[in-house]
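Please consult the sequence and the three-dimensional view shown below alongside the text.

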Amino acid sequence: MQQPAVADDPGQVRTELGALSYWIGPCQPMPKPVWLAMIVTVGPAFCYKPMHRRLRTYLVEDNKTIRENLIATLEDLAEIEPVGYATTETAATAWLANNTEAWDLAIVDIFLLEGSGLGVLERLRKRPPEQHLVVLSNYATPSIRERCRLLGANQVFDKSHDID
């Protein structure tokens with residue numbers, strides 16, 4: 001039977017399984033309050049995961065009504081924590097690139113007040129794998145979907161067809 005994990009350092013986790021002791025780390029640096037964690041089995045090893053945290057989400061959307069409705073809906077359904085928004089490619093790429101530890105998910109529209117969501121995707125192509133880019137646009141044609149995926153989007157949704 002697995003015993004509770006013991007974290008002696010925020011980036012290290014030790015779990016004891018019978019007489020065996022595993023050190024896995026650094027798995028993910030966490031502040032002391034998050035040390036209470038569940039251990040997720042990953043093959044023969046274990047990994048440190050926080051029990052609960054809201055998804056830190058940044059929106060790249062120039063339409064104020066859509067942005068506000070999307071934030072409200074996602075807060076109710078997906079337990080997100082909005083961390084900011086941008087209405088232009090320049091503002092979005094600057095904030096997302098300079099605040100890499102502050103976001104988990106960016107929801108990006110294709111058409112913006114200045115520039116394009118495609119430029120945002122291209123600029124963030126080499127982001128950490130735990131950060132996700134989702135495109136939400138009225139212009140999600142098959143060719144745009146493919147281009148977005150090639151630029152690193154994890155998923156592409158059409159505002160008028162894929163969202164209920």
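Helices in this briefing are DSSP runs of H or I with at least four residues, and strands are runs of E with at least two; both are numbered from the N terminus. The model is a predicted one.

**Strand S8 and its partners**

- Every residue of S8 named here is buried: Leu 105 and Ile 107 point to one side of the strand, while Ala 106 and Val 108 point to the other. In general, side chains of a regular strand alternate between the two faces of the sheet.
- Strands S6 and S8 run parallel and are joined by four bridges. Within this pairing, Tyr 58 has Ala 106 of S8 as its bridge partner.
- S8 (residues 105–108) is also joined to S9 by four bridges, again with the strands parallel. Leu 105 has His 132 as its bridge partner in S9, and Ile 107 stands opposite Val 134 of S9.

**Strand S9 and its crossovers**

- S9 covers residues 132–137, and five of its six residues are buried, so the strand is largely enclosed by the rest of the structure.
- From S8 the chain passes through helix H3 (residues 117–123) to reach S9, which makes a right-handed β-α-β crossover.
- S9 pairs in the parallel sense with strand S10 (residues 155–158) over four bridges. In this pairing, Val 135 is placed opposite Val 156 of S10.
- A right-handed β-α-β unit is also formed by S9, helix H4 (residues 142–150) and S10.

**Helix H1**

- H1 has 14 residues, which at 1.5 Å a residue should span 20 Å; the C-alpha atoms at its ends are 20 Å apart, in agreement with that expectation.
- Arg 67, Leu 70, Ile 71 and Leu 74 are the buried residues of H1. They lie on the same side of the helix, because they cover an arc of only 100° around its axis. In general, an α-helix has 3.6 residues a turn, so residues three or four places apart point the same way.
- The buried residues of H1 pack against S6, strand S7 (80–86), S8 and S9.
- Thr 65, Asp 76 and Leu 77 are exposed on the other side of H1.
- The N-terminal end of H1 is capped by Asn 63, which has a side-chain oxygen 3.0 Å from the backbone nitrogen of Thr 65.
- Following H1 comes Glu 79, with a positive phi near 50°.

**Helix H4**

- Ile 144, Arg 145 and Cys 148 are the buried residues of H4. Their arc around the axis is only 105°, which puts them on the same side of the helix.
- H3, S9 and S10 are among the elements that cover the buried residues of H4.
- Pro 142, Ser 143 and Leu 150 are exposed and sit on the face of H4 turned away from its buried side.
- Just after H4, Gly 152 adopts a positive phi of about 110°.

**Glu 61, in a loop**

- Glu 61 belongs to the loop between strand S6 (55–60) and helix H1 (64–77).
- Is Glu 61 buried or exposed? Its relative accessible area is 4%, so Glu 61 counts as buried, the cut-off being under 20%.
- The side chain of Glu 61 reaches the backbone nitrogen of Asn 63 at 3.0 Å.
- Apart from residues up to four places away in sequence, Glu 61 touches Ile 66, Arg 67, Ala 86, Thr 87, Asp 109, Leu 112 and Lys 159. One of these residues, Arg 67, is listed among the buried residues of H1.

**Gly 117, in H3**

- Gly 117 is found in helix H3, and the residue is buried, with a relative accessible area of 0%.
- With neighbours within four places in sequence left aside, Gly 117 is in contact with Val 108, Asp 109, Ile 110 and Leu 112. Of these, Val 108 is a buried residue of S8.
- Gly 117 and Thr 90 are separated by 27 residues in sequence and by 10.0 Å in space, C-alpha to C-alpha.

Conventions: Residues numbered from 1 in each chain as written. Predicted model: local features only at pLDDT ≥ 70, side-chain atom pairs only at ≥ 80, totals over all residues. Heavy atoms only, no water. Buried < 20%, exposed > 50% of the residue type's maximum accessible area, 1.4 Å probe, protein only. Polar contact = N/O pair within 3.5 Å; in protein donor to acceptor, adjacent residues only side chain to side chain. Contact = heavy atoms within 4.5 Å. Pairing = 2+ DSSP bridges. Right-handed = clockwise from strand over helix to strand, strands pointing away. Expected span 1.5 Å × (residues − 1). Arc of directions from axis to C-beta.
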